[in-house]
Amino acid sequence: MGTENLQHTVITSMCGVCPAGCGVHVHLKGGQIDHMTPIKGHPQGIVCPRGMQAREIVYSPDRLLYPQQRTGARGEGHFRRITWDDAYTRIVDALRRIAADSGPEAVAIYTGRGNFEFGLNEMFAPDHTAESSANAVLFPFGSPNATGVGSLCYASYGMISSRACFGDYMRNVTEDLDHADLILVWGENPATDSPPLNLRRIKAAQKRGAKVVVIDHRRSETARATRAEWLGIRPGTDGALALGLIHVLLAEDLYDRPFVERWTHGFEALRRYVQEFPPERVAEITRIPADRIRALARAIGRARGCSILTYTGLEYSNSGVQAIRAVWTLQAIAGHLDTPGGKIIKMPHRLQPNRLLTPPPQNAPLPIGAEEYPLYYEVRREAHAALLPRAILEGKPYPIRALIISGASILTSWPNPALWRRALAALDFLVVINRFPTA
Ligand code: SF4
């Protein structure tokens, strides 16, 4: 659909920069993208800062438009253009050769956020997974080794912690920001979300009179955008803060007794454990003053509805699963689980297309890391990428010789890039699918 004049064309479309699918008007000048504006009334109704850079992304001189074959040593950055037919033939020949020599399980695929084009992700999700970053396109080839950024991100927050606390995945749990009178933004930064919809809801809640507290080791964009009360926490100590807040709730009898009696397991063990976390000790661990810890606990205990947004700030640290569980336990025993303004459980059994498709190959070995990370394997049915370097470099539990990396930059997103650099250099065959040349 276009509204055209000589200089300026407007196309109604969908922004393709990330998977959020914002409806946009694309303004073209001389046939090229000039800028985008949101479609009025669209559910997202926004063009975020990344979307505003669409022009730079689409017309970047660094953008890859054709297949390329490496000509120098791996890592030197020398390539030559080849045809699509040539690229497909080389890939298929190499994968078949490696499968014949070492078995199809010696081929793995790693997918990152750049691959989150939902049609493809759904089409090739491993079967019986609620959510997966892995692309199981290699299952029919005979390899169980689909893996992806989920090994680093989201699974411990959205699947493992969530199931341990609520018996369900985060996709079925949400925060009722619209009715909260206290909002904690804890190790999350909604101002930089794509799209930043929760920031909009937080600001609307502030207009209603809700108080916002940001707990983060830096004064984040969200803290500044909302002028929130900011608690600067020492990185990696969020679990101790949550336990200290629970300590105060119990000591001052500010918790929800009926909820605890009806819906919790192990409450007395928790009560004993949090005795080790009085505010003065937690202040030493977290570097947040004890009086501010007490004040926050009282605010949580007395709020009518307390929403807590949390995510990678806790997940990307040691004991992330346990820290997130402590935060959600705090929220629940303070009386803010499945209540207005708190954390709410959505209707179950929403339709998930294609989740019964793409079964793992019959008679194949378990994917890499399935034995070492059984919880991860249980919820994701995929390999754990943390153990790919060991499989490549040491052949344990069996060798990985070829890797397809789609929409990800492993060297800039994983810890220990030197190890990954050695692992990638040791592969017999490496295919990278991306918009831009990555590290
Ligand atoms: S969130 Fe931003 S980048 Fe993603 S689709 Fe919407 S406008 Fe585009």
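Mentor: A crossing of two helices is called left-handed if the near helix is turned anticlockwise from the far one by less than a right angle, and right-handed if clockwise. The model is predicted, with local features needing pLDDT of at least 70 and side-chain atom pairs pLDDT 80 or more, while totals for chains, interfaces and linings use all residues. Residues are numbered from 1 along each chain as its sequence is written, and side-chain values use heavy atoms, without hydrogens and water.

The part to look at is helix 8, residues 238-251 (helices are DSSP runs of H or I, at least four residues, numbered from the N terminus). Its axis comes within 8 Å of that of helix 14, residues 320-333, and the two cross at roughly 25 degrees (axes are lines fitted to C-alpha atoms over the stretch in contact, with angles from 0 to 180 degrees between N-to-C directions). Helix 8 is therefore roughly parallel to helix 14 (under 35 degrees; over 145 is roughly antiparallel, 65 to 115 roughly perpendicular, the rest oblique). Their crossing is left-handed.

In contact (heavy atoms within 4.5 Å) are Gly239, Ala242, Leu243, Leu245, Ile246, Leu249 and Leu250 of helix 8 with Ala323, Ala326, Val327, Thr329, Leu330 and Ile333 of helix 14. Of these residues, 11 are nonpolar, two polar and none charged (Ala, Val, Leu, Ile, Met, Phe, Trp, Tyr, Cys and Pro count as nonpolar, Asp, Glu, Lys and Arg as charged, the others, Gly among them, as polar).

Helix 8 also meets helix 10, residues 267-274, where the axes come within 9 Å and cross at roughly 105 degrees. That makes helix 8 roughly perpendicular to helix 10. Here Leu243, Ile246, His247 and Leu250 of helix 8 touch Phe267, Leu270, Arg271, Tyr273 and Val274 of helix 10. This contact has seven nonpolar residues, one polar and one charged.
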